[in-house]
Amino acid sequence: MTRRLRTDFRGQYGPWAIVAGASAGLGAAFAEQIAAQGLNLLLLARGRDLLQQVGARLAATYGVQVRTLSLDLGRDDATARVVAAAEGLDIGLLVYNAAFSAIGPFLDRPLADHLREIATNCRTPLGLAYTFGQSMRQRGRGGIILMSSLSASQGSALIANYAATKAYNLLLAEGLWEELRGAGVDVLACRAGAVSTPNYLQSLARAGRPAVSPPAGAMPAAAVVAATLAGLGQAGSLIPGFSNQAAAFVLGRVLPRGLAIRLMGGVLRRLYADDAQAHS
Ligand SMILES: NC(=O)c1ccc[n+]([C@@H]2O[C@H](COP(=O)([O-])OP(=O)(O)OC[C@H]3O[C@@H](n4cnc5c(N)ncnc54)[C@H](OP(=O)(O)O)[C@@H]3O)[C@@H](O)[C@H]2O)c1
């Protein structure tokens with residue numbers, strides 16, 4: 001069933017939204033669809049030029065105000081720097097989309113990569129959800145979206161720590177959904193399956209996969225974002241796409257957990273075989 005955006009989207013989640021990881025892929029699609037609802041944007045990513053191009057295009061197309069901040073969201077002071085950039089803005093929506101994924105055998109990657117995953121994927125979304133959640137609760141409305149993944153459903157070989165960070169986002173969002181919905185703040189985790197984004201295509205190319213675009217089974221970013229924005233306020237988490245919902249049902253509810261983990265390990269070994277060899 002296709003859900004529509006709530007009609008008072010801007011009233012509930014405006015006037016300003018933060019999109020973390022907004023210059024490409026899912027983040028750029030979030031920024032576009034949120035701008036289309038008339039919300040002003042504070043856009044974050046590391047690469048300044050692309051971010052500014054995206055911002056300028058959205059401002060011109062949708063007539064909204066756009067600010068950009070170029071920073072690495074894995075930095076220790078990332079939360080403080082975003083809060084400083086948002087000073088004076090009435091933030092009603094936070095979308096934390098940026099992530100770092102260290103693909104390959106866990107023990108063959110530097111520990112620093114795994115710590116960077118925790119910083120980018122867990123510490124900064126925690127800091128931003130905590131800080132902007134306070135002001136949203138005070139004003140009695142707002143929304144927080146955290147990007148999780150189907151890989152959050154069970155242990156996943158070759159992306160063990162990444163999947164664990166995505167499980168953190170899933171459980172944080174679901175817990176906050178229950179805790180804050182009485183205060184008018186909607187929190188949602190998006191458990192996306194494969195999505196056709198530049199980042200996903202690059203990870204396939206690194207693993208020697210043919211450059212088929214869109215890759216088989218991957219959803220378009222715009223469809224994932226549309227489902228996510230429409231689902232905000234409906235539940236604590238959602239899985240976009242029927243085939244992803246079916247896969248999650250089989251892996252999570254039908255198969256014994258050990259078998260689901262081994263099955264997923266086989267899929268990921270086939271998908272990232274060359275990446276795995278590169279790090280072994
Ligand atoms: N694509 C998929 O198949 C898939 C599936 C399930 C879940 N997800 C989740 O969906 C989200 C988006 O994924 P994606 O594939 O669109 O690509 P992504 O590379 O995770 O995100 C792309 C955006 O985030 C920015 N970004 C990345 N690292 C950053 C950092 N350290 N600091 C600031 N900005 C950063 C990138 O710009 P810069 O590089 O310029 O910083 C770009 O704007 C992630 O949370 C991912 O875990 C994706």
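Q: What does a relative accessibility of 37% make of R75?

A: R75 counts as partly exposed at that value, since partly exposed is the range between buried (under 20% relative accessible area) and exposed (over 50%), taken with a 1.4 Å probe and the protein chains only. This is a predicted model, in which local features need pLDDT of at least 70 and side-chain atom pairs count only at pLDDT 80 or more, while totals for chains, interfaces and linings use all residues. Residues are numbered from 1 along each chain as its sequence is written, and side-chain values use heavy atoms, with hydrogens and water left out.

Q: With which residue does the side chain of R75 meet in a salt bridge?

A: A salt bridge here is a side-chain nitrogen of Lys or Arg within 4 Å of a carboxyl oxygen of Asp or Glu. R75 meets D77 in this way, with an N to O distance of 2.8 Å, and D77 is likewise partly exposed, because its relative accessibility is 29%.

Q: How many salt bridges does this rule give?

A: The count comes to eight. One of them joins the side chains of D186 and R6 at 3.6 Å, N to O. This pair links distant parts of the chain, for D186 is in strand 6 (residues 185-192) and R6 is in the segment before helix 1, 180 residues away; helices (H or I, at least four residues) and strands (E, at least two) are DSSP runs numbered from the N terminus. D186 counts as buried at 10% relative accessibility, whereas R6, with a relative accessible area of 31%, is partly exposed.

Q: Are R109 and D113 buried or exposed?

A: Both R109 and D113 are buried, and the two form a salt bridge in which the closest N and O atoms are 2.7 Å apart.

Q: Which residues are the closest to the ligand?

A: A residue is taken as near a molecule if one of its heavy atoms lies within 4 Å of it. There are 28 residues around the ligand, and the closest are S23, R46, N97, Y162 and T197. The residues of this shell divide into 14 nonpolar, eleven polar and three charged, where Ala, Val, Leu, Ile, Met, Phe, Trp, Tyr, Cys and Pro count as nonpolar, Asp, Glu, Lys and Arg as charged, and the others, Gly among them, as polar.

Q: Where does the side chain of D72 stand relative to a nitrogen atom of the ligand?

A: A polar contact is a pair of N or O atoms within 3.5 Å; within protein, one must be able to donate a hydrogen and the other to accept it, and residues adjacent in sequence count only if both atoms are side-chain atoms. An N or O atom in the side chain of D72 is 2.8 Å from a ligand nitrogen. A ligand oxygen is 2.8 Å from a polar backbone atom of V195, and a polar side-chain atom of N199 lies 3.5 Å from an oxygen atom of the ligand. On its own the ligand has 850 Å² of accessible area, of which the protein covers 89%; accessible areas come from the Shrake-Rupley method with a 1.4 Å probe, and for residues only the protein chains shown count as cover. The elements that give two or more residues to the shell are helix 2 (25-36), strand 5, helix 6 and helix 7 (198-206), and strand 5 gives the most, with three residues.

Q: Which residues of helix 8 are buried?

A: An α-helix has 3.6 residues a turn, so residues three or four places apart point the same way. In helix 8 (residues 221-231) the buried residues are A221, V224, V225, T228, L229, A230 and G231. The helix is followed by G233, whose phi is positive, near 95 degrees.

Q: What is the phi of L158?

A: Phi of L158 is near 75 degrees, a positive value in a residue other than glycine. L158 lies in the loop between strand 5 (142-149) and helix 6 (160-180), and it counts as buried at 12% relative accessibility.

Q: Is the peptide bond from G14 to P15 cis or trans?

A: That bond is cis, with omega near 0 degrees, and P15 sits in the loop between helix 1 (9-13) and strand 1 (16-20).
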